[in-house]
Amino acid sequence: MNGSHVLAEHRAPGLRFREELRPPSFEGPQRACHPDEIELCVLVDGAEHVAQGRQRAVVLGGQYSLVAAGREHSSWTTDARVHERILHIGRERLAALADDAGLAVPGDLPTASFEAPAELTDAVGM
């Protein structure tokens, strides 16, 4: 996987978690998220370039990106190592969590990059 080093990997029904270090000049392949899950990536440290079709973004340490189910995307680093935590959430699991919280989940979640709120950074141990 182009020199990525996996620090942790866990699975539970409807959830997959992976923590990894990516070296400088890492170039991930163009890939699609599983059609039934979203991908939430939290950058602990470094900077990662993310592309989805014509959309491009730079995600910095302390920010996160969200990739909707089935969307093709790629990512790469430049001259610094990246520490990333990735959570794959199944649609059914997301719907159940949202229902428990009294929230609605949109049918097609957009891809976006945001600064991680304290609740998220606490939840993923940043």
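**Definition.** A residue is termed buried when its relative accessible area is under 20%. The model shown in all views is predicted.

**View 1. Salt bridge between Arg 22 and Glu 20.** The side chains of Arg 22 and Glu 20 are joined by a salt bridge, with an N to O distance of 2.6 Å. Arg 22 and Glu 20 are both buried.

**View 2. Salt bridge between Glu 48 and Arg 22.** The closest N and O atoms of Glu 48 and Arg 22 are 2.3 Å apart, and the two residues form a salt bridge. Glu 48 belongs to strand β5 (residues 47-52) and Arg 22 to strand β2, so this pair ties together parts that are 26 residues apart in sequence. Glu 48 is buried, as is Arg 22.

**View 3. Network of salt bridges that includes Arg 22.** Salt bridges link Glu 9, Arg 18, Glu 20, Arg 22, Glu 48 and Glu 84 in a network. The structure as a whole holds seven salt bridges.

**View 4. Salt bridge between Arg 16 and Glu 37.** In the salt bridge formed by Arg 16 with Glu 37, the closest N and O atoms are 2.3 Å apart. Arg 16 lies in strand β2 (residues 15-22) and Glu 37 in strand β4 (residues 37-45); the pair, 21 residues apart, links distant parts of the chain. Glu 37 counts as buried because its relative accessibility is 9%, under the 20% cut-off. Arg 16, with a relative accessibility of 28%, counts as partly exposed, since this class lies between the 20% and 50% limits.

Notes
Residues are numbered from 1 along each chain as its sequence is written. This is a predicted model: local features need pLDDT of at least 70, side-chain atom pairs count only at pLDDT 80 or more; totals for chains, interfaces and linings use all residues. Side-chain values use heavy atoms; hydrogens and water are left out. A salt bridge is a side-chain nitrogen of Lys or Arg within 4 Å of a carboxyl oxygen of Asp or Glu. Helices (H or I, at least four residues) and strands (E, at least two) are DSSP runs, numbered from the N terminus. Buried means under 20% relative accessible area, exposed over 50%, partly exposed in between (1.4 Å probe, protein chains only).
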